[in-house]
Amino acid sequence: VEASIPEPLREAWRKYSASEFTNKEEFEKELVRHIETTLARSLYNCDENAAYSGTALAFRDRLIIEWNKTQQRQTFTDQKRVYYLSLEFLMGRALDNAMLNVGMKDAARDGLSDLGFRIEDVIAQEHDAALGNGGLGRLAACFLDSMATLNYPAWGYGLRYRYGIFKQEIVNGYQMEVPDYWLDNNPWEFPRHEITVDIQFYGRVKNHQNENGKVVHTWEDGEIVQAVAYDVPIPGYGTKTTNNLRLWSSKASSGEFDFQKFNAGDYESAVADQQNAETISAVLYPNDNLERGKELRLKQQYFWCAASLFDIVRRFKKTRRAWNEFPDQVAIQLNDTHPTLAIVELQRILIDEEGLEWDEAWNIVTKTFGYTNHTVLPEALEKWSVPLMQNLLPRHLQLIYDINLFFLQTVEKRFPKDREMLSRVSIIEESHPKMVRMAYLAIIGSHKVNGVAELHSDLLKTTLFKDFVEIYGPDRFTNVTNGVTPRRWLHQANPLLSALIAEKLGGHEFLTDLTLLDKLEAFVDDKDFRHEWAHIKTMNKLRLAKFIKSTTGHEVDPNSLFDIQVKRIHEYKRQQLNIFGVIHRYLTIKDMSAEEKKKVVPRVSIFGGKAAPGYWMAKTIIHLINKVADVVNKDADIGNLLKVIFIEDYNVSKAEIICPASDLSEHISTAGTEGSGTSNMKFVMNGGLIIGTCDGANIEITREIGENNIFLFGNLAEDVEELRHRHFYGDFQLDPQLAKVFAAIKSNMFGDAADFSALTASIEEHGDYYLVSDDFNSYITTHGMVDEAFKNKEEWLAKSITSVARMGFFSTDRVINEYADSIWNVEPLEIKD
Ligand code: NBG
């Protein structure tokens, strides 16, 4: 308030207020101005990179003008906001998205062309913002796009990692990791050096009595690290709403402490403190679906939760409302258990700093939070050791014990005879050392808990969280099936298809109401339309083929069936099943006569994905894929009938080239293991068919598009436990076809068999936990059906068109509206001029 300009002077201010370019000429003017002044370049040294930076700066100006208006308006109307807390935001590139959402891409294309640049080349200069591992982080990015597009007042809160997910290089068939230093030359963030929060760690808790005789707790003598805000504007599509993603960066606090050290001549240790502090936001943990209990990770979590909560509370306090109105103003969504400490932190603020009574505070807390679970895999469920937490966050551990005590008391009242129940649901696991079960804390501290696809949410209720359903009743648990943003995953990734659909449907409205796609079904039999549909697929396959040629040197024939599996490498996602299937195909073709070979449908098997650096089995799978590729691609007997490609360093911008180019994609996790999957949706939305298990969102995709349009195979989730049990007791027989594949591997056909022995042994000798052998026959039989279906071009096309027409459900716009209605209770707010 103090910093605002007095009313009589505002006239002048308004007159000179920044304005947005509205046409090609104005864009060019802005572009040249930025290149010449902001970048200090000239027409004698402007390369594509400078053209990119200039274009990005011109669009950034537009975004920030809209951002300012949006924030002012949202503050002024003072309605409820959503805060999405996520340790990962896998944003990818921002420029193309900004141009499309703002609606000025054509002006930019023409303007750049006037100045001697091709827009595609300029877009390709941008480094991906890769602050995430896989589906969880990409989902958060799609959510931001939908929240802005639907005009919800919403902020994302995350960490500004100096190093995002590592860059993957393949050297002699092995994955190597290279650091991803992405911050140089990133025009999309605004440092807010004036917005800082001091965050405390370590120290001890002191109890005092205040004047009313009440015991109060103070947390003292800790180390202080400073959080600095960096803001990234998030434009909605076709709306003025521009929301904020606030990322915190860590810095040594510039308090007296440092000064004393400097003055005492202890320069080195003052610098060391600074480096220590900066370590907190230095690097993204590169694990997908795995938690490892490292202290630095817990520090990251608390640092980010505490800074975000401070910011949210500060904003609320400006409204001067009573505390019990907090949940009417604030909804906080926890993206997995990573931000669960935010629950404890809010309770701490309300009790220790604001002096509220326990029950009143806890009531506010539970009304504020919602928790999304993204996995049932045990190795991904977070637990923190009690001694670790005691040392780092002593006051929070006390509060966790209190939360647990009150919770267990209510459970005991309701289930007086059930001692086992108490130990099963306790937040504290009685192990050595004791552990804090973060998922339980998240459930107890939230008013709604959701899974990310129907099967997944059902599994949560019947297995992992069964006791909590008994305790709280079924209403606390719900399902919100994931989606993807059609702006990036259809319009931006596949401009040709988006244009064809728009032509048929009479405009681009489907991009904000994806259910309109159903109108495409009327054209399934239209010859010209089919022809164009097929042509676009070929063009997209050519684009990918060109990319493959330029990055791997391999030629692939776009008439082949492109069979793609791109996602994090994980045993549960079963890339090993896929590569064993490829080996089986290779051996089968090698045995064929020349006549038989003529009937084979040529295939290109394409893989991409990163393995966590410490995940040895996943790295072995990558190694095998690359070794198989070496052999198959060189084999003159095989020629074009089979090619195997591993695309290095799979990321969001590569996914945009890959998704539109599939004939078939693979979503083949062991039933009951994949939360949802979202690339399945991207591929189908782009006219590719899929082969998949009855897992995650595959089930709902099947329901929407029809069983005839998907290739399902494998055991069902309900049979998995029984099969594992049988294997465990020695009831296991290697599938005979898979046995042939293993024999080939063991004959050193793909290099030293010893390199792959852990992989084959995990199946033959160690119980085949992921049921690769159980599903193998069904898998290769179904691939045979894919080949047959692909021979009938017309029918394949009909399946492709019908599927796209029925994908309306899988937009994150639908997802966000569901969260808004059933969890957040927030209303949109349109931003007008
Ligand atoms: C992942 C699941 C995916 C799901 C995404 C987004 C984690 C912990 N879970 O199946 O494995 O699509 O979350 O919900 O990363």
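Modeller: Two notes before we start. This is a predicted model, in which local features need pLDDT of at least 70 and side-chain atom pairs count only at pLDDT 80 or more, while totals for chains, interfaces and linings use all residues. Residues are numbered from 1 along each chain as its sequence is written.

Colleague: Thanks! Why is L689 called buried?

Modeller: A residue is buried if 20 or more other C-beta atoms lie within 10 Å of its own, exposed if 12 or fewer, and partly exposed in between, with C-beta atoms placed from the backbone. L689 has 22 C-beta neighbours inside 10 Å, so it counts as buried.

Colleague: Where does L689 lie, and what does L689 touch?

Modeller: L689 lies in strand 23 (residues 689–692); helices (H or I, at least four residues) and strands (E, at least two) are DSSP runs, numbered from the N terminus. Two residues are in contact if their C-beta atoms, placed from the backbone, lie within 7 Å. Not counting residues up to four places away in sequence, L689 touches D663, L664, N709, I710, F711, K799, S800 and S803.

Colleague: What makes Y202 partly exposed?

Modeller: Y202 has 13 C-beta neighbours inside 10 Å, and therefore counts as partly exposed. N151 is partly exposed because 19 other C-beta atoms lie within 10 Å.

Colleague: Which residues does a cis peptide bond join?

Modeller: H432 and P433, with omega at about -5°. P433 belongs to the loop between strand 15 (428–429) and strand 16 (435–437).

Colleague: How do you know that helix 22 has a span close to the expected one?

Modeller: The expected span of a helix is 1.5 Å times one less than its number of residues. Helix 22 (residues 527–552) has 26 residues, and 38 Å is expected; from first C-alpha to last it reaches 37 Å, which is close. Just after helix 22, G553 takes a positive phi of about 85°. Among the buried residues of helix 22 are W533, I536 and L544, and their cover includes helix 21 (495–505) and helix 33 (793–805).

Colleague: What makes you say the ligand lies between two domains?

Modeller: Domain bounds come from an automatic or database domain assignment. Domain 2 (78–93 + 128–446) and domain 3 (487–806) both give residues to the shell around the ligand, so the ligand lies between them. A residue is near a molecule or strand if its C-beta atom, placed from the backbone, lies within 6 Å of it. Of the 17 residues around the ligand, G135, L136, H374, G675 and S676 come nearest.

Colleague: Last one: which residues have the most contacts inside the largest nonpolar core?

Modeller: F303, I625 and V628, in a core of 219 residues. A nonpolar core is a set of buried Ala, Val, Leu, Ile, Met, Phe, Trp, Tyr and Cys residues joined through C-beta atoms within 7 Å. Helix 7 (residues 135–149) gives the most to this core, with 9 residues. Leaving aside neighbours within four places in sequence, I625 is in contact with I579, F607, V644 and F646.
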